[in-house]
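Subject: Structure for you to look at

Hello,

Here is the structure I promised to pass on. Please open it first, then read the notes below it.

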Amino acid sequence: MYSHLTIIYTIASLNQTFLPPAEVQERVLTVIKNFDKVDPSKVQPTSKFGDDLGLDSLDSVEVVMAIEDEFAIEIPDAEADRIAGVGDAVEYIAAHPMAK
């Protein structure tokens, strides 16, 4: 039989983020602002790579690779294809146990 604390801890750990989302967002925004094909003044927490920043699919792949480098992780291609903007990147990285 499990105690209430064990159950609460288990539920909390399922929703755990490993790096604080605010830190992740700040670092992701910096990476994108430093990308040579992006106007830094257009980069916002809600920015989409294509619609808002004018990046094509190859540019978006390069941005995701730069984010991988920043956080010392490898994002599988299937997951990387779903990262279409700042918010997607922040959500993925904040939930990644190996992100540094």
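The lining of the largest pocket divides into six nonpolar, two polar and three charged residues. Here Ala, Val, Leu, Ile, Met, Phe, Trp, Tyr, Cys and Pro count as nonpolar, Asp, Glu, Lys and Arg as charged, and the others, Gly among them, as polar. This is a predicted model, in which local features need pLDDT of at least 70 and side-chain atom pairs count only at pLDDT 80 or more, while totals for chains, interfaces and linings use all residues. Residues are numbered from 1 along each chain as its sequence is written, and side-chain values use heavy atoms, with hydrogens and water left out.

The volume of the largest pocket is about 200 Å³. A pocket is an open set of points on a 1 Å grid over the protein atoms alone, where a 1.4 Å probe fits, with protein on both sides within 12 Å along at least five of seven lines; lining residues have an atom within 4 Å of a point. The volume is the space filled by probe spheres set on the points, and grid points are joined across faces, edges and corners. Among the lining residues are Ser-57, Met-65, Glu-68 and Asp-81. Helix α3 (57-71) gives the largest share, six residues, and α4 (77-80) also supplies at least two. Helices are DSSP runs (H or I, at least four residues), numbered from the N terminus.

Now the helix packing. α2 (residues 21-33) and α5 (residues 86-94) pack at an angle of about 130 degrees, with axes 9 Å apart. Axes are lines fitted to C-alpha atoms over the stretch in contact, and angles run from 0 to 180 degrees between N-to-C directions. That angle makes α2 oblique to α5, because angles under 35 degrees count as roughly parallel, over 145 as roughly antiparallel, 65 to 115 as roughly perpendicular and the rest as oblique. By class, their contact (heavy atoms within 4.5 Å) has 10 nonpolar, one polar and no charged residues. Those on the α2 side include Pro-21 and Gln-25, and those on the α5 side include Val-86 and Ile-93.

α2 also packs against α3, at about 130 degrees with axes 10 Å apart.

Last, Lys-37 lies in the loop between α2 and α3. Beyond its neighbours within four places in sequence, Lys-37 contacts Leu-53, Leu-55 and Asp-59.

Regards
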